[in-house]
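This report walks through one protein model, piece by piece. Keep the sequence and the 3D view at hand while reading.

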Amino acid sequence: MGETPMENPIVKINVGGKPFYTKQNTLVQSKYFEVLLANNMDKRIYVGKNSDEIFIDRNGDIFRHVLQYLRLGKIFVKEENTLKKVKIEANYYGLSDLENQVDARVKYLSESKDQYMFMDSDKLLEEYMEKFNPSSEKSTTQKAPKSLQVIKCFDTVEKQTKCFLPHTASESCTHTNHKTIEVPVKKAIVRRYA
Ligand SMILES: [Zn+2]
């Protein structure tokens with residue numbers, strides 16, 4: 001770009017003990033820096049070897065992610081804990097778009113984790129069928145989709161409450177003396193890949 005160093009000078013800041021050098025235009029996208037770098041000299045504290053770094057009393061480890069966002073408009077953080085800290089800093093520096101990006105990223109990362117589930121074998125079979133062969137009659141010879149892995153199948157029993165008195169098909173049950181019975185079911189532990 002055609003800007004001169006006078007128009008867009010290099011700014012030296014020191015965030016919580018860590019020095020960062022960047023251009024003024026990069027920083028002033030943030031409301032916080034816009035105010036700080038306006039001609040309010042009395043708001044600045046200078047530190048560093050040459051006393052030429054503007055001191056910011058915030059987390060310098062997290063600031064590198066903030067600065068990367070200011071430079072590129074994106075964040076690449078993967079750890080949820082770091083993302084939480086980035087969001088706090090984004091709020092402090094007045095970067096609401098970065099806050100939104102952090103939220104979106106947390107959501108994306110949680111959705112891209114493998115899930116472990118406990119499900120009925122019947123439901124599992126249904127899921128296979130819907131996904132891979134919606135038109136065909138149910139067949140157990142279908143290949144398991146790659147996104148699902150059955151880790152273990154086992155037989156167990158489930159308690160069900162049932163009425164043993166006769167009804168007609170359309171009539172709903174109004175009897176109260178229902179019996180609890182144990183029904184055999186097949187269960188599976190399944191891993192669903194992200
Ligand atoms: Zn009944």
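## A sheet of three strands

In what order do the strands of the open sheet of three strands lie? The order is β5-β7-β6, and the pairing is antiparallel. β5 and β6 are the edge strands, each pairing on one side only. On average, neighbouring strands in this sheet are turned by 25° against each other, with direction ignored. Bear in mind that this is a predicted model.

Take the β5 side to begin with. Strand β5 covers residues 115-120, and strand β7 covers residues 179-192. Six bridges join the two, and they run antiparallel. Gln-115 stands opposite Arg-192 in β7. β5 is hardly covered: among its six residues, the count of buried residues is zero.

## The β6 side

β6 and β7 are joined by 14 bridges and also run antiparallel. Here Thr-161 stands opposite Thr-180 in β7.

One is Gln-160, which sits in strand β6, residues 148-162. Is Gln-160 buried or exposed? Gln-160 counts as exposed, because 12 C-beta neighbours lie inside 10 Å, and a residue with 12 or fewer falls in that class. Leaving out residues up to four places away in sequence, Gln-160 touches Ile-181 and Val-183. Lys-179 is 19 residues from Gln-160 in sequence, and their C-alpha atoms are 8.2 Å apart in space.

The other is Val-150, also placed in strand β6. Val-150 has 13 C-beta neighbours inside 10 Å, so it counts as partly exposed. Val-150 and Arg-191 are 41 residues apart in sequence, yet 6.4 Å apart in space, C-alpha to C-alpha.

## A sheet of four strands

Another open sheet holds four strands, in the order β2-β1-β4-β3. Its pairing is mixed. Which strands stand at the edges? They are β2 (18-23) and β3 (46-47). Each has a single partner strand, so one side of each is left without a neighbour in the sheet.

β1 spans residues 10-15 and pairs with β2 in the antiparallel sense, over six bridges. Within this pair, Lys-12 stands opposite Tyr-21 in β2. Helix α3, residues 60-72, packs on the sheet and touches β1 and β2. The direction of α3 makes about 15° with that of β2.

Now look at the loop between β3 and β4 (53-56), where Ser-51 is found. Ser-51 is not a glycine, although it has a positive phi of about 50°. Ser-51 is exposed, because 8 other C-beta atoms lie within 10 Å.

## Two helices side by side

Two packed helices are described by the angle between their axes and the distance between the axes. For helix α4 (residues 80-92) and helix α5 (residues 96-111), the axes come within 8 Å. They cross at roughly 165°. That angle is over 145 degrees, which means that α4 is roughly antiparallel to α5. The crossing of α4 past α5 is left-handed.

Which residues make the contact? On α4 they are Glu-80, Leu-83, Val-86, Lys-87, Ala-90 and Asn-91. On α5 they are Leu-98, Glu-99, Val-102, Arg-105, Val-106 and Leu-109. By type, the contact of α4 with α5 has seven nonpolar residues, one polar and four charged.

## The whole protein

How many helices and strands does the protein have? Its secondary structure comes to six helices and seven strands. Read from the N terminus, the elements run β-β-α-α-β-β-α-α-α-β-α-β-β.

Two totals complete the picture. The protein has 194 residues, and buried residues make up 13% of them. Among contacts with a separation of 6 or more, 59% are between residues 24 or more positions apart.

Terms used. Residues numbered from 1 in each chain as written. Predicted model: local features only at pLDDT ≥ 70, side-chain atom pairs only at ≥ 80, totals over all residues. Axes fitted to C-alpha atoms, helices over the stretch in contact; angles between N-to-C directions. Parallel < 35°, antiparallel > 145°, perpendicular 65-115°, else oblique. Left-handed = near helix turned anticlockwise from the far one by under 90°. Contact = placed C-beta atoms within 7 Å. Nonpolar A, V, L, I, M, F, W, Y, C, P; charged D, E, K, R; others polar. Pairing = 2+ DSSP bridges. Buried ≥ 20, exposed ≤ 12 C-beta atoms within 10 Å, placed from the backbone.
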